[in-house]
Amino acid sequence: MEEGRGKQILGVIGGMGPEATSYFYENVIAHTKAQRDQDHLNMVILSHADIPDRTEAIKSGDSEKLVHMLQEDARTLEKLGAANIAITCNTSHYYYDQIQKAVSVPIINMIHESVAYAVRELPEVKRIGIMGTDGTIGSRIYHRECRKLGVTPVKPSPERQKDVMSLIYDDIKSGKRGDRAKFDRVMSEFMRKNCDAVILACTELSVFKGKHEIPTICLDAMDVLVREAILRSGAEYQ
């Protein structure tokens, strides 16, 4: 039997941030059903840490350099044989259509897949809290997807959004474990707003989840991306 037959190369645009990209890779390995090296995915990972901050680009409107770099990374992965591309950053999906237009291979849409997964797996869900960067919240990329699929998106109050941003930038991106009190304050507010589920819509929050026990009501967008990446690449998810 030919080795690796049926599997496709997965391309990854990472570095946003580097620890989140590493966490994605670790989870792809952990959730791929494998008995030997050859059962795992063939992957090409571009950890492009020089990519400008996505939230700053969205807020300023100065996104030309950012979009160009993301498009070039996608083209590079396509040239290297990637059959599917994963982007390990929620906020960058604001530019999803522009990046997808640059290549012919499909880019997994983490935003759509995460909301669709929540609606499919939690049929009683009506209100979904969105915990992400200012760029993700302000651009309403999750809000639009929630509305399309018939659920109500809920964002944090301005005060609690400051907690989210501090947790992401001051803690996780700075190499810290993450202040649990900040996370709990945001979650408490979502509970008061009667959320049925909360999407961790930033891959730094995925890293936080890997270091802390979090409520079962939380759905990690990275977990959904990992699952889609494995299945689309022709391997078994476990």
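What is the strand order of the open sheet of three strands, and in which sense do the strands pair?

## Basis of the description

This is a predicted model, in which local features need pLDDT of at least 70 and side-chain atom pairs count only at pLDDT 80 or more, while totals for chains, interfaces and linings use all residues. Residues are numbered from 1 along each chain as its sequence is written, and side-chain values use heavy atoms, with hydrogens and water left out.

The order is 2-1-3, and the pairing is parallel. Strand 2 and strand 3 (84-87) stand at the edges with a single partner strand each, so one side of each is left without a neighbour in the sheet. On average, neighbouring strands of this sheet are turned by 15 degrees against each other, direction ignored. Such angles run from 0 to 180 degrees between N-to-C directions, with axes fitted as lines to C-alpha atoms. Helices (H or I, at least four residues) and strands (E, at least two) are DSSP runs, numbered from the N terminus; two strands pair if DSSP finds at least two bridges between them.

Strand 1 (residues 10-14) is joined to strand 2 (residues 43-47) by five bridges in the parallel sense, and G14 stands opposite S47 of strand 2. Strand 1 also runs parallel to strand 3, with four bridges between them; here L10 has N84 as its bridge partner.

Helix 1 (residues 18-31) forms a right-handed β-α-β unit together with strand 1 and strand 2. Right-handed means that, with the strands pointing away from the viewer, the path from the first strand over the helix to the second runs clockwise. The loop between strand 1 and helix 1 contains G17, and the peptide bond joining M16 and G17 is cis, with omega about -5 degrees.

The phi angle of R140 is near 65 degrees, a positive value in a residue other than glycine.

Another open sheet has four strands in the order 5-4-6-7, with parallel pairing. Its edge strands, strand 5 (152-154) and strand 7 (218-220), each pair on one side only. Neighbouring strands of this sheet are turned by 30 degrees against each other on average, direction ignored. Strand 4 (residues 127-131) and strand 5 run parallel and share three bridges; I128 is placed opposite P153 of strand 5.

## The cavity

The structure holds one cavity of 30 Å³ or more, and the volume of the largest cavity is about 70 Å³. Of the 14 residues lining the largest cavity, R54, C89, T91, T133 and E204 are the closest to its centre. A cavity is a set of points on a 1 Å grid over the protein atoms alone where a 1.4 Å probe fits but cannot get out, and lining residues have an atom within 4 Å of a point. The volume is the space filled by probe spheres set on the points.

Helix 2 (54-60), helix 8 (158-172) and helix 10 (203-211) each supply at least two lining residues. Domain 1 (10-109 + 224-233) and domain 2 (111-221) each contribute at least three, the domain bounds coming from an automatic or database domain assignment. By class, the lining comprises five nonpolar, five polar and four charged residues; Asp, Glu, Lys and Arg count as charged, Ala, Val, Leu, Ile, Met, Phe, Trp, Tyr, Cys and Pro as nonpolar, and the others, Gly among them, as polar.

Methods. On a 1 Å grid over the protein atoms alone, a cavity is a set of points where a 1.4 Å probe fits but cannot get out, and a pocket is an open set with protein on both sides within 12 Å along at least five of seven lines; lining residues have an atom within 4 Å of a point.
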